Amino acid sequence: MYKTLIIAFISALMSVVVQYGPTAQAAEMTPATPDHAAITSAGGPEACLKCHETNPKVVSILATPHAMKGDKNAPFGQNGCETCHGSSTAHVESRKNLPSVLFAGPNKSSVEARNGQCLGCHQDNLRMNWQGSQHETNDKACTDCHTIHVAKDPVLVKATQPELCFTCHAEQRADANKFSHHPIVEGKVTCSDCHNPHGSPGPKLLKEFTVNETCYTCHMEKRGPMLFEHEPVRENCLTCHSPHGTTQARLLVERPPYLCQECHANSGHQAQPIAGQNLAGQTAANVRAMAKGCVTCHSQIHGSNSPNGTFLTR
Ligand code: HEC
Ligand code: HEC
Ligand code: HEC
Ligand code: HEC
Ligand code: HEC
Ligand code: HEC
Ligand code: HEC
Ligand code: HEC
Ligand code: HEC
Ligand code: HEC
């Protein structure tokens, strides 16, 4: 008890030193990762800004959470600009020497070096599965998606995020512009509503473990359980739908009756709806079937809760 109080007091004292003390000293005392602690500071952000304050792009970082001096978890609460750019004493002495970590331009550091700076603070929560993820194994850098020197990082904004992803994922751009699509280009749904680009325990970087769990986060009414289930719906929504966009209405991969006939094509009205034979016991052609196909009658295609819903008609 007494001991914990002393420790609490000392660490409170240390954080004051870290915030207000000379930066070189802060470097030694900051409870950060070894990488960050090893930096011999060139003198805080002010020293860098002496030369860089005329570049509006550089200065825009001051409006971001990274520039919170009072937050000892933030770069400016630690070694300022050097928390990310690494030791830059030599650069301050002569601009012919570059800072030790560069994120852009022809001299940019290796992907490992760049990501290492970010992961020193951000290997948490959303990024639990970063190692081994599709983006990590394909040598993608945090800064391929994130922009740091900007007031609001475009990848964090619903409306601007897709454009960034589309620069590498052209197929999804094409899909999102098809006749039927999730309202992605409209800015109502965005990639990270369904995907975690930092890695996932499920397939295709999905946020949830399965496709269906991902869909249920918004289409809750499809979760069931239903009195009468339609087997393929429980198995995988993508048996009938495509997630980004299709040329058929309702994001369908194919139009009924063809969609249904892939599985229901034995005989009777399922096989010949257009000709109209044997439609639900009728012998004449049924115009409703001709016009719209199977879901005109089997409207509860995702399952039914009606006691009379055996055939998914109500
Ligand atoms: C004496 C002036 C001066 C100081 C002090 C200074 N820089 Fe620079 N820095 C420059 C000049 C000039 C350039 C090259 C032109 C440019 O990119 O603005 C440059 C370039 C850079 C670049 C881009 C390098 C590249 O090739 O892509 C980074 C990053 C950088 N400085 C970071 C820092 C950091 C961090 C500090 C503080 C530790 C700092 N600078 C202090 C003058 C300075
Ligand atoms: C959180 C990490 C981080 C911090 C802190 C940081 N930078 Fe950067 N810096 C970056 C990244 C990443 C880039 C690449 C461009 C981008 O994402 O905006 C960059 C790019 C630059 C460039 C090149 C800009 C250009 O014109 O291409 C300069 C110069 C620079 N930083 C200077 C600074 C200075 C000065 C500070 C402190 C005031 C600072 N940086 C703090 C991460 C950081
Ligand atoms: C010294 C620790 C530290 C380093 C290094 C660092 N960050 Fe951060 N970052 C923070 C803190 C603290 C926040 C604000 C609290 C939060 O959102 O978790 C933050 C916030 C963010 C945010 C959210 C910004 C917002 O507007 O909400 C992003 C994105 C981010 N960091 C990406 C990066 C990337 C990419 C790098 C590497 C270039 C990096 N960070 C380096 C500590 C750090
Ligand atoms: C393929 C693009 C992409 C890459 C690569 C990427 N991010 Fe992100 N990041 C995003 C998107 C999109 C979001 C918004 C997530 C959301 O809204 O759920 C985000 C959000 C964040 C946030 C803010 C949310 C939070 O966790 O508090 C941080 C911090 C962050 N990323 C850090 C990183 C770091 C560190 C790396 C590198 C290891 C990285 N990101 C690599 C796309 C990416
Ligand atoms: C700098 C290029 C780049 C950017 C930007 C980028 N990606 Fe990727 N992405 C890749 C590469 C490369 C792969 C792995 C190869 C592949 O499957 O295409 C990949 C894989 C994926 C996968 C997994 C595909 C699979 O088959 O398992 C998803 C999902 C994904 N990215 C979503 C996103 C999202 C969402 C964004 C925006 C937040 C984004 N990506 C931004 C390059 C990028
Ligand atoms: C409504 C949810 C949802 C949204 C929004 C979404 N995706 Fe997907 N995405 C999925 C699902 C589900 C899959 C899995 C497809 C499969 O298994 O065949 C997928 C697969 C992918 C793949 C892998 C494709 C392949 O053929 O293997 C990439 C790349 C991808 N998405 C990128 C994106 C990008 C980029 C965005 C934003 C423009 C985005 N997604 C928006 C649900 C979504
Ligand atoms: C982030 C929320 C969200 C997630 C997750 C989501 N959707 Fe959607 N979905 C929407 C929105 C919003 C609409 C448009 C509703 C509207 O326009 O009335 C929509 C519409 C649809 C439509 C009808 C399209 C049309 O043209 O009428 C289908 C089919 C659909 N989603 C299937 C899926 C499938 C399959 C998944 C899982 C891969 C999924 N959704 C995941 C939000 C989501
Ligand atoms: C057996 C094929 C099939 C499967 C599997 C399927 N759907 Fe559908 N879905 C359809 C058809 C057909 C329509 C069009 C119904 C109409 O036009 O009235 C539709 C329409 C929709 C719509 C828009 C109309 C509405 O009912 O809200 C959403 C949203 C939707 N499906 C979500 C899902 C989700 C989520 C899953 C997975 C849990 C799923 N679907 C699985 C065939 C299917
Ligand atoms: C991927 C295969 C598949 C697709 C596609 C499919 N179904 Fe089914 N459907 C099944 C299975 C499996 C059952 C349950 C098996 C059974 O009871 O005969 C079923 C059951 C049904 C039933 C209830 C029949 C009964 O005897 O209980 C109806 C009605 C039905 N489906 C209509 C449709 C319609 C309409 C479509 C197109 C929108 C469709 N199905 C698409 C596989 C599929
Ligand atoms: C005019 C309304 C109507 C249309 C259109 C219709 N059905 Fe049916 N369907 C029914 C009714 C009613 C039943 C109940 C059993 C019966 O009376 O034959 C049924 C039964 C079924 C069954 C289960 C019984 C069996 O015969 O195996 C399946 C599977 C089925 N329909 C699939 C389809 C498919 C696939 C289509 C489109 C190609 C379709 N239906 C179009 C009304 C319709």
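Cysteine 84 lies in helix H6; helices here are DSSP runs of H or I of at least four residues, and strands are runs of E of at least two, numbered from the N terminus. The model is a predicted one, in which local features need pLDDT of at least 70 and side-chain atom pairs count only at pLDDT 80 or more, while totals for chains, interfaces and linings use all residues. Residues are numbered from 1 along each chain as its sequence is written, and chains are lettered from A and ligands numbered from 1 in the order in which they are written.

Is cysteine 84 buried or exposed? Cysteine 84 counts as buried because 22 C-beta neighbours lie inside 10 Å. The criterion, with C-beta atoms placed from the backbone, is 20 or more other C-beta atoms within 10 Å for buried, 12 or fewer for exposed, and partly exposed in between.

Setting aside residues up to four places away in sequence, cysteine 84 touches Pro75, Val101 and Gln117; contact requires C-beta atoms, placed from the backbone, within 7 Å. From cysteine 84 to glutamine 117 the C-alpha separation is 5.8 Å, although 33 residues part them in sequence.

That brings me to helix H8, residues 111–122. Its 12 residues reach 16 Å from first C-alpha to last, close to the expected 16 Å at 1.5 Å a residue, where the expected span is 1.5 Å times one less than the number of residues. Arg114, Asn115 and Gln117 are the buried residues of H8. Viewed down the axis of H8, these fall within an arc of 145°, so they line one face of the helix; the arc is that of the directions from the helix axis to the C-beta atoms. They pack against H6 and H10.

I turn now to the ligands. Ligand 1 is surrounded by 19 residues, the closest being Cys48, Cys51, Cys81, Ser88 and Gly105; a residue is near if its C-beta atom, placed from the backbone, lies within 6 Å. Helices H4 (44–52), H6 (82–85) and H7 (89–93) each supply at least two residues of this shell, and H4 gives the most, with five.

Around ligand 5 there are also 19 residues, of which Asn138, Cys165, Cys168, Cys191 and Leu205 come nearest. The elements giving two or more residues to that shell are H9 (134–137), H10 (142–145), H11 (161–166) and H13 (191–194). The largest share, three residues, comes from H11.

Note on methods
Contact = placed C-beta atoms within 7 Å.
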